[in-house]
Amino acid sequence: MKTYSLYFGVVLAFIILAFTYTNSFIVKGRLVDETGTPVIGASIVVKGTKNVTSSGSNGEFSIKVPRIGSKLAITSLGYAKVEIAVKDEKELVVTLKRSSQNSDQTVVVGYGSQLQGKAAGISIRGSRSMVASAPPMLRHEEAKMYRSEEYDKVFDIPGRNKNDFNREGYDRIVENRFLKPIDNPLSTFSIDVDAASYSNVRRMLNYNKMPPAGAVRIEEMINYFGYQYPQPTGEEPFSINTEIAKCPWNEAHRIVSIGLQGKKMPVQNLPPSNLTFLVDVSGSMETEDKLPLVKASLKLLTEQLRQQDKVSIVVYAGNAGLVLAPTTGTDKATIKQALERLEAGGSTAGGQGIKLAYKTAKGNFMKNGNNRVILCTDGDFNVGISSDDELERLIEDERKSGIFLTVLGYGTGNYQDAKMQKLADKGNGNHAYIDNQNEAKKVLVNEFGGTLFTIAKDVKLQVEFNPAKVQAYRLIGYENRMLAKEDFNNDKKDAGELGSGHTVTALYEIIPVGIESAELDSVDSPRYRKSLQKIEPGTFNGELMNIKLRYKQPDGTVSKLLQHPVMDQKTSISSASDNLRFAAAVAQFGMLLRNSEFKGNSSYRKVEQLTSTALLNDREGYRKEFLELVKKAGKLSKEVAVRE
C-alpha cells in the first residue's frame, strides 16, 4: 500500500508540474508615456516570482509568467507605479503616467529596482542579486572596498563603517566669487559640454542621499538639458544668444545667460567614424550597474552605426587586449556578440588599455573622419599608469594624433569622478555618467551627433564688463574651466569641444552700479595706481558687456575670433524666456545642493515654482524628471536638518 501511495504521489506531482509548465507563457509588451514616447529602462516584475526584466530601446519587453491572471508590477523614475493583470497572451501596450509625487517605495536603478529599506536584490538575466553583487572570489573585507554606503545601509555588509561615504573620488570646488570690473575687467573660460554631474547627482538622490559638494558642478547640471536656441544661419558652426533678467534669488541683481547652439548635422551627412570601444572588464566592473550596463549602452550605440563606420573593441583588466578587430557598422551582430562575451575579473591596468586603444584607433585612422576612443569604466585604475598626473600626460600626448576621447562613467561606490573629468578634459573629449538605460539612450542615441561628432574645438569665451554699468560679476560654475586672460589668444591652449546640435549655456550674476551688496569684499585702493578716468553711465551706448569667442575647426590649428556686444536690459524673470527661467532654476538647485554662500534667498520650493513655469518643449520628459528630483532633494534636506 505504501508503494502505491508513493507512486501515486510522484505521478500527481508530475501532473501538477506539467500543468504548471504548460500554462506558463511569454508575455510581450511595450511601455509608452502619455505622449506615446517609449519608456526605456523601466523595471517589470512578475509579482510572487523572481522573474524580472526591463524595457528596451523602443520600450519593448518580454517576460515569462506562470499563468493567466499573473500580475506585472511596472516601475520607472518619474512615473506612477503600475500593476496590471495578464488576461491573455496578446501583446500589451502599457501607458505610464507622470507622477506628481515622489516615490519613496521604488527607485529605478539601471536594469532593476531596489526597494528602499528592504533587501529586494532584484536583477536580470538570471544574474545573482545585488545582495551578492561582489565578485565571488572576494571576501567581505575586500568587497567593501568598492561597495557603496547606500548598498551597505540596505544590506548591512559586515565590517563596513557606515559613517564613511565610500571610495568615490571628487575634486574640491572653490566657487567663483564676485569680481569688480574696475580691477578684473576680463572673465575668461573654456566651454563645457559635459553633463556627468547631473546624472551622478540624480543617482545619489535616488538612493536617498544628498550629494557631496564636489559632485555638484553647476555648469554640467545646466548643460545636461537642451535649450531652444536658434540654429546658426551663416558660415559659423554655432549661434550666439544672450538674455538678461532680474536674478530670481536676489532681485537687486541681474542674471545674464550666454547660449551657444551648435549646428545640427543630419546623420547621413556626418563623417565616417572610426570608433574604438575601450571597456574596463576588471573585477570592480562586475555589478549590474557597471559591465552589464556598459554592454547594453554600447549595443544601443551599435544600432546607430552605418556602412561607412568601423568599430574595434579593446578591453583591459590586469592586461589589455584587442577582442574585436575593425568591423563595419552594418555587421551589428558580430559587434554585439563580442560585447556579450565580455566578463569582469582581475585588477585594472587602465593606462595600458588607453595606450592600446589609441594604437588601435591610429592604425585605422580615417582622414576627414571621426576618430574617437570611447572609454567605459568606473575609473578605478590600480595597476601600471594610474596616478592622475601620469594619465593626464598620456592623454595629452595621444590627443595630438587627432583622436578624440569620450569618457562614459558607470557604477556606485568606487566611481572616480575626478579622474574621469581630467581624462575627458585632456583628451579633447566629453564626459557622461550612465546610471541607467534611459541615460544611455539620451547620450548615445538621442544626442548621438553631439556626443560623438565635434564641429568646433578649443572653444573659449572672454567677457569684458562695462564698469559704467557693472559694479561686480560672478560666473556661476565653470570653476575647473577658468583660463588666464592671456590664454584666450594662445592657440596652443586647450579648451572645450562643441558637438553637432549641442547647446552650451553659461550664467553670470551681475551686481549693477549703485547697488549696495554684502557679497563684495572690501579692498584698499592701490597706492601706486593713477587716478581712474571717470566713466560716464552712457559710455559705449548702453553696453553691459562684450563677449569675445575663439574656436577652431575640428582639424584646424588656428582659431577664429567672433565678438558679440550685449546691451543692458531690465526684464523680470517672469517675462524671461523658458530657456533663462529653466537654466536659472537649475543653477539655484545646484547652489542649494552645494549650500553655496551665494544662494541668496533660494529655496527648494522657489526652484519648484520657477521650474514649473518652464516645462514647455520637454518632449523627452527630462525637465519634469528634474522637478521630481527637486522635490526629493527638498524632502531629504529637511530629514538631514532634523538629524543634525
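## About the model

Because the structure is predicted, local features need pLDDT of at least 70 and side-chain atom pairs count only at pLDDT 80 or more, while totals for chains, interfaces and linings use all residues. Residues are numbered from 1 along each chain as its sequence is written, and side-chain values use heavy atoms, with hydrogens and water left out.

## Salt bridges across the chain

Side chains of opposite charge can pair when their charged atoms come close. Here a salt bridge is a side-chain nitrogen of Lys or Arg within 4 Å of a carboxyl oxygen of Asp or Glu. By that rule, the model has 33 salt bridges.

Let's start with K422 and D171, whose side chains form a salt bridge at 2.6 Å, N to O. This pair links distant parts of the chain, 251 residues apart: K422 belongs to helix α10 (residues 417-426), and D171 lies in the loop between α3 (149-155) and β10 (186-190). Helices (H or I, at least four residues) and strands (E, at least two) are DSSP runs, numbered from the N terminus. D171 is partly exposed, with a relative accessible area of 39%; the classes are buried (under 20% relative accessible area), exposed (over 50%) and partly exposed (in between), using a 1.4 Å probe and protein chains only.

Next come K560 and E235, which meet in a salt bridge at 3.0 Å, N to O. K560 is in strand β24 (residues 560-567), whereas E235 sits in the loop between α5 (218-223) and β11 (238-247), 325 residues apart. K560 is partly exposed, at 32% relative accessible area, while E235 counts as exposed at 65%. Elsewhere, salt bridges that share partners join D192, D194, D425 and R481 into one network.

Most residues other than glycine have a negative phi. You will find N368 in the loop between α8 (350-363) and β16 (370-377), and it counts as exposed at 62% relative accessibility.

N617 has a positive phi too, of about 55°, and is not a glycine. N617 is in the loop between α14 (604-612) and α15, exposed with a relative accessible area of 58%.
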